[in-house]
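Let's walk through this one together, from the overall outline down to a single residue. Have the viewer open as you read.

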Amino acid sequence: MPSLKDLRNRIASVKATQKITKAMQMVAAAKLRRAQEAAEAARPYSERMGAVLANITQAIGGGGDAPALMTGTGKDDVHLLVVCTAERGLCGGFNSQIARFARDHIRKLLADGKQVKIICVGKKGFDILRRDYGALIIERVDLREVKTLGFVNADAIAKKVIHLFNEGGFDICTLFYSQFKSVISQIPTAQQIIPAGAPSAAAEVKDGGSAVYEYEPEPGEILSDLIPRNISVQVFRALLENAAGEMGAKMSAMDNATRNAGDMINKLSITYNRQRQAQITKELIEIISGAEAL
Amino acid sequence: MPEAFKFELVSPERLLVSEQVESVVIPGAEGEMTVMAHHAPVMTTIKPGVVTLKTAQGKEERYVVFGGFADIVPAGCTLLAESAVAVGDIDRADLARRIQEAKEDAADAKDDQTRSKAEQFLSQLTTLEGAILPA
């Protein structure tokens, strides 16, 4: 049975923890709003990019001059997985969810006899994957110093990936990130970015895509400029989604923690009060029985 | 009074401009071009430079863009810029940094093709700097 003093200390410490989790929840809520705004602001660009890409692919008509980034190497022996997670923990199952998803994927690929390489974006994913597949990790990208996620960050990652591709480092590149659905629900997603595959033809039909474009310079040249940029955009979008998802997960995790701390404080207070009452009664009995004995 | 059309300037971070304009001057990869309403469909990459647009109200606005591409259709014009800022907000230090980086790229280039590309980019940047500094 803990003493009254122990209980008092315990209650004080749980209260302190509750204050911290509450503050973290509020910070996460504010950051979530900003992250969502950023994700929203980035949407027009990637949408237009998709439309333009669809248009231009049609113009080329899948001819032989499509760049390798789009058609791939024709093999699927070496897979590169870019696993994007958060830099910080304390956000519920967010990081482990992505890592588990990636791990299942890796296991399947390895079972099929494929070669796997991993690039970790974010510290947490690296920490988790290092345990099982440390040898496969070829690089980790640290974004801890980055305050607001800019396009340059995504661009740097994409450039690395493309550079590796040009050196023949891998055949297929898949991006792992968490899609932000709502504050309480983030869906781990795998998206293949290299080869890009032909974009769906639906987009171009609706805005009269039959328009005969003039290209300046040649379509092939534009396309070879466009594809790397599109990869950067995909990475950027993944990072933004991730940032929003992380904050959402953190917010709900901290909300839970705050509530748990509240419950705990209630329980502890009841125990504390009971025990105090018991002690008073005990002392009374001692006094009374002492008086009676006289 | 020329007819107005829809012009959009988008950077990966946000939508900068979306309004009715009379004309836009775009620094295309193969020369500057002025786009007006009912322009024939053209798709072009753009080099670092200044985009000048004249709004339907007759106001003139200038933006600095660093590479990207433009999608021009008779109904409007969309400019997807790698990064874009209003001329008034340009950060001199940032521009200087970009030029420095371009210089390093040019110096580091391994084969002739990448070097000529990097040098071309560098000269475009310096022209751009010259164009906006007195502004």
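What radius of gyration does chain A have, against that of a compact globule of 294 residues? Chain A comes out at 28 Å, while a compact globule of that length would sit near 19 Å. The radius here is taken over C-alpha atoms, and the globule rule is 2.2 Å times the number of residues to the power 0.38. Along the principal axes, the C-alpha atoms of chain A fill a box of roughly 115 × 40 × 30 Å.

Some housekeeping before going further. This is a predicted model, in which local features need pLDDT of at least 70 and side-chain atom pairs count only at pLDDT 80 or more, while totals for chains, interfaces and linings use all residues. Residues are numbered from 1 along each chain as its sequence is written, and chains are lettered from A and ligands numbered from 1 in the order in which they are written.

Now for the elements of chain A: there are seven helices and six strands, where helices (H or I, at least four residues) and strands (E, at least two) are DSSP runs numbered from the N terminus. Following the sequence, the pattern reads α-α-β-α-β-α-β-α-β-β-α-β-α. Take the contacts in chain A with a separation of 6 or more: 80% of them link residues 24 or more positions apart. Two residues are in contact if their C-beta atoms, placed from the backbone, lie within 7 Å.

As for burial, 33% of the 294 residues of chain A count as buried. That label takes 20 or more other C-beta atoms within 10 Å of a residue's own; 12 or fewer makes it exposed, and anything in between partly exposed, again with C-beta atoms placed from the backbone.

Ile106(A), in helix H3 (residues 94–111) of chain A, is a handy example. Ile106(A) is buried because 21 other C-beta atoms lie within 10 Å. Leaving aside residues up to four places away in sequence, Ile106(A) touches Leu81(A), Val116(A) and Tyr133(A).

Glu214(A), for one, has Val42(B) as its bridge partner in S4(B).

Methods. Two strands pair if DSSP finds at least two bridges between them.
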